[in-house]
Amino acid sequence: MAIEDDEILQGFIEESLEHLADIENDLLAIEQRGADIDVDLVNKVFRAAHSIKGGAGFMGLNVIQDLAHAAENVLGLIRSEKLVPNPEIVNILLLAADELQHLIEDVATSNSVDISKHTAALNAIFESGEAPALPGLSARQSAPEVPLEQIDPVESAIETDPIAPSSPESFQEDGLIMDGEFAVDPQDADQIETGFADVAPGVKTRGATAAPQKTDTTIRVTVSLLDQLMNLAGELVLSRNQLLQTITSGDVRNAEAVGQRIDLVTSELQEAIMLTRMQPIGNVFNKFPRVVRDLSKKLGKQIDLTIVGKDVELDKTIIEAINDPLTHLVRNSVDHGIESPEDRTKKGKDVRGLIVLKAYHAAGQVVIEISDDGKGIDGDVLAETAVKKGLITADQAKVMSEKERINLILLPGFSTAKKVTDVSGRGVGMDVVKTNLDQLGGSIDIESEVGKGSTISIKLPLTLAIIPCQIVMTGGERYAIPQVNLEELLRIPAAKVKERVERVGDAEVVRLRGNLLPLIRMAEVFNIEPTYYDPVEDATKQDRRRNIADRRSKSSPLFKDENTPPPKQRSPEMEQSRIGDERRQSPSSALNIVVVSTGAMKYGLIVDRLHDSEEIVIKPLGRHLQQCQGYAGATIMGDGRIALILDVSNIARMAGLTSLDGSDRAAELAEAAKEAITKTRDKQALLTFSSSVQEQFGVPLNQVERVEKIKRHQIEQIGGRRVMQYRGGSLPLISIDEVASVLPLDDREDLLVIVFHIAKKDVGLLAIGPIDAIEITADIDDITLKQTGIMGSAIIGGKTTMLVNIFEIMQTSNPQWFEDHAAYAEITTEDIPTPVILIVEDSNFFRNQVKGYMEEAGFKVLEGEDGAVAWRILEEQGESIAMVVTDIEMPVMDGFTLTENIKNDPRFRHLPVIALTTLAADEDIARGKAVGVDEYHIKLDKERLMESVHRYAKAAMAA
């Protein structure tokens, strides 16, 4: 029987590796406490070493037993407080733990490995009671520096070394090459001295010949989850039997009910199986304290590492795939982000640098941030280097925005390091990080400020197995676009195509909210026949337009009319008549644009048709398609046909797309947009709809999750309430007339369900068409039609439109949903005064709405009509104010200026500032962060706003 097949031995290996995973972090914690010894923590490490020693002795693994015994002796002295664990002693224990891990991972050859250096160092500590002067184990040497053939004169801005296939660092320990966190680079292998002349013949050393680390193929699952899976599997078997019976009997009615049951059980089973793959990201994060500790000592730096969000869970496949990119980025921050103690002292910074590693959920994704308070990245230096290396032209560099310059670090072959070392300078690395993240369906974003530090944000999907996608159609074929890359869907009517689409150089672009969005025709990228969908004939036809803005009309050569004179012979009246009568305004000439983003790049993908969004199961591409750059995989649709999954990052690369942020036309549009915002403040995006033919309603667009088309027979009346089956569960339904005095819902077969997410639950509002998304700047009347569920009214398109207060509707119809959210007023006590909130808003309507939210929650409110009035209130009553909630666009003094004044004044800089806006563009959010805005919220989004207010109020009172 092979040693790998021995179940007892495999159990010992798994248990020992679990012990070692905890030992490293525990030893680092012991080192931090120093003379203040945590006996319980030392006992934990001691017991782990003792368990490994005992198991190894039973298995006849003498080398592992001897090394664990030597470490146990030293830990025994620390436990009895006879030895103070200084960094040198902890370093020797850590190296012993590393060696133990290598021995256990390659247990078959462990008895032939020489460990004399480790045991000698540990025994010397045990005998003398202090760390020995062994240079081979007490310090780590840097690999020899090799100058580049052409040394780059530019100062290093950020690290771009290759991602190593394993863990944090490769060591050269007096000739002993240890398979540490990073493998030794093959380019340096011949430059590393090989010592150990005294090693006996036939004894193996740990080096390049060591067995490769095995991928962890096991996963731990709780018994309760297994029980749930068994129950669901049983339910699925029962449902299958029922389905077979109905098919045999031909009972179509019962088959529909059984099908719904199978759908529900399958959804629950899918969710439970996904949970078995979810692992805490702490499995990756836990190794970084060691990485930062060892590398900072090697570089002579003092660095603290703060880790937040260890409990955030990701798919096991993604956890394994992000290990190397994260290690690379953390090493970047240590090596090139944080300055040396001398430089930090000169700049007036704390001598100890800070790196923050943070994970959290956001919009159905996991976001990982690596932040440091180092020197930051100079975009001008990066652009200069990229031009010298021939990666971009000087003309391209001139029109680049600061964001684009910083993103140059992601280009292949980019490096600003002056020398090649064991840590940096080989010109690959950050591009490999980006490539790896693209393959996972993730993205990377870099924010940096020179002299203050950098933040690298990584967005990842929760799982790679099943993902939500937007289904589109081009050339008669269906394609899937992952929703993690989807920004919005845009449809430009035929009459507005000429107005909205223009050319900048050779690129076709569309104006979208004051910005230029590059357009890509999907048919051109994939070299397929251009087509368009004609809804009148329900057919896909060939599209002969050369430019996007061209129109399919009778003026086109495709529509020749012998009776129509040439353009030069037409009278003005005839030309005007031709434009009015002959131009085709049918839906077939409209543009369907999918706005997608990948990292800092955003563009519009033109497709023939837009279908529904679906959750799809990803299938790998066949060998014959793996070289196709534009596809990330494939899936099998419900009708059995294949749909390819688009890789939006590679599509942009295939189209040769570059951002237009720096162009003159983009600057003109941005300036025009600013002026428009100044002239038309309080612009609000609304979704308009009807409940009856006579009345029109509107709801803030940002509150809407999605809109579903349904048939009336899909509505079920259960327990006195209306519900419908929705995504494997039940969606409660409500209509406006149940709460407000409005006309009842029309009795028609085709209905709309507007889905909202309120009180952590999905709810559907029943409505009818027509439905539209618009932006209004009209004055809102909050008196005439105001009632329960209706916050006010406005004139939209010549029709009085009632504005729906969906939160009030749900509070009235389902008050039990909000019991957990009604505790805002309970944060005060007799000894602690009620928090005072300053609301700054120039619109009476919005100010009254926000004031109502605050007073309902039990807060006291002060009001300011603009920033100047608010500043006077702060100077008069600043001591009593707990936080400021401010609008952005206001006369006299806007919200940015007010926030800047608050954060620059020692009296008020402690006050949290929450900014309220109607349309928060990325540049506005970035500007807000720069001046000190703590959080951004959309106006009328009561739930999210009050959660933030409550959180800041509790923090203020706790202080």
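Colleague: Leaving aside neighbours within four places in sequence, which residues is Arg478 in contact with?

Modeller: Happy to look, bearing in mind that this is a predicted model. Arg478 sits in strand E13, residues 477–482. Beyond its neighbours within four places in sequence, its contacts are Ile471, Val472, Met473, Met637, Asp639, Arg641, Ala643 and Leu644.

Colleague: Does Arg478 count as buried or exposed?

Modeller: Residues under 20% relative accessible area are called buried. Arg478 has a relative accessibility of 17%, so this residue counts as buried.

Colleague: Which residues touch the most other members of the largest nonpolar core?

Modeller: Good one! In soluble globular proteins, nonpolar side chains tend to be buried together. Here the largest nonpolar core has 45 residues, and those touching the most other members are Leu27, Ile64, Val74, Leu93 and Leu122.

Colleague: How do H3 and H5 pack, roughly parallel or roughly antiparallel?

Modeller: Their axes lie 9 Å apart, at an angle of about 25 degrees. Angles under 35 degrees count as roughly parallel. Therefore H3 is, relative to H5, roughly parallel.

Colleague: How many residues of the contact of H3 with H5 are nonpolar?

Modeller: Residues making this contact include Val74 and Leu77 of H3, and Leu122 and Phe126 of H5. Sorting the residues of the contact gives one charged, four polar and, for the nonpolar ones, eight.

Key. Residues are numbered from 1 along each chain as its sequence is written. This is a predicted model: local features need pLDDT of at least 70, side-chain atom pairs count only at pLDDT 80 or more; totals for chains, interfaces and linings use all residues. Side-chain values use heavy atoms; hydrogens and water are left out. A nonpolar core is a set of buried Ala, Val, Leu, Ile, Met, Phe, Trp, Tyr and Cys residues joined through side-chain atoms within 4.5 Å. Buried means under 20% relative accessible area, exposed over 50%, partly exposed in between (1.4 Å probe, protein chains only). Axes are lines fitted to C-alpha atoms, for helices over the stretch in contact, and angles run from 0 to 180 degrees between N-to-C directions. Helices (H or I, at least four residues) and strands (E, at least two) are DSSP runs, numbered from the N terminus. Angles under 35 degrees count as roughly parallel, over 145 as roughly antiparallel, 65 to 115 as roughly perpendicular and the rest as oblique. Contact means heavy atoms within 4.5 Å. Ala, Val, Leu, Ile, Met, Phe, Trp, Tyr, Cys and Pro count as nonpolar, Asp, Glu, Lys and Arg as charged, and the others, Gly among them, as polar.
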